[in-house]
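The structure is shown first.

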Amino acid sequence: MSDKPFTDGKTIIGFNLLKMIYWFAESEGIQGPQKAHKDSLSFHGWPKIMLPPVQRSAVWRPKQVVDLWDSVMRGLPIGMFYLTRQEAGQHFGTTLTGNTREEVLPDVSYALLDGQQRIRALLLGIVGFSEEKRCLWVDLGNEEASRHPVLRITSKGQPFGYDTNTGNKFSLEERKAARRKLEKDGEILYKDGTRSAYDQELFDDKDITQNGRPIQPRPPLPYRASEYTFKLFELLHAWQEGEAHSVDEGVAGLRAFTKSGPSEDTLVCLHKAFEKIEKAEVALLRVDPKNFLNEREDLLE
């Protein structure tokens, strides 16, 4: 990559959405599947982009995450991201995972002043970002999926998901029904068989088994989702495997991953949504902190 941001002196630029997310993931050390063309995604020599100490933690509700992705898959704009240049030697104090960062950067970098919640949501669908304790799914068996991708979300707090219409968690009876459905083929236990697992533990505890075997898929499918429901980031990377993306090639890549079940119209619809993601651009605004000095600070300079 040679098209580093802000090298031409501009303060506002259009930037490829996927490239921005991979750039951020690389800077933060977030692990996850990468696009097929790994050589072209090298960010060697790029400035890092990370959170400044003033940023808060994750606050978006599950429905906000789904709504953002619905917008991206429709080709709608998702707002501007504000960055500020940080000179070499400055300190960054936090990470997306909530850990304290003890790092003094040796080179120029960028701090993300605004856009963290959108970055988190985008990472969830593009690289997985398991630290978020949420999972985004695409239900390819839903009757609406041939017209627009049907998105679902689950979390550690609600491992069976949320009502797709309201974004609210399921009722107690619905959650009990989801649990019974998961247990229909056998009891869910810890590996040592000491006790049944709690719902929250179904989301990320690798020692939980069902009939002596690890639960698959991990985490459980959302309640009321069809059997043709897949993680969004896995579908996206399966689609990205091809060198070119004609409709036939895109559908073939998705078909190879999903095996059988989803209709041709559904896969074509998903292919077109992924094309919108691949072509999506966001606006990056470089903010100069000096513009925010108050009047007294100006006089002291």
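Gly 9 lies in the segment before β1 (12–16), strands being DSSP runs of E with at least two residues and helices runs of H or I with at least four, numbered from the N terminus. The model is predicted: local features need pLDDT of at least 70 and side-chain atom pairs pLDDT 80 or more, while totals for chains, interfaces and linings use all residues. Residues are numbered from 1 along each chain as its sequence is written, and side-chain values use heavy atoms, without hydrogens and water.

Gly 9 counts as partly exposed because its relative accessibility is 49%; buried means under 20%, exposed over 50%, and partly exposed in between, with a 1.4 Å probe and protein chains only. Its C-alpha atom is 10.0 Å from that of Arg 286, 277 residues along the chain.

The axes of helices α2 and α3 come within 10 Å and cross at roughly 70 degrees. α2 is therefore roughly perpendicular to α3 (65 to 115 degrees). The residues of α2 and α3 that meet have heavy atoms within 4.5 Å.

| Helix | Residues in the contact |
|---|---|
| α2 | Val 65, Leu 68, Trp 69, Val 72 |
| α3 | Arg 118, Ala 121, Leu 122, Leu 124, Gly 125, Ile 126 |

Over the whole chain there are eight helices and 13 strands. Buried residues make up 47% of the 301 residues. Of the contacts with a separation of 6 or more, 64% are between residues 24 or more positions apart.

How values were computed: Axes are lines fitted to C-alpha atoms, for helices over the stretch in contact, and angles run from 0 to 180 degrees between N-to-C directions. Angles under 35 degrees count as roughly parallel, over 145 as roughly antiparallel, 65 to 115 as roughly perpendicular and the rest as oblique.
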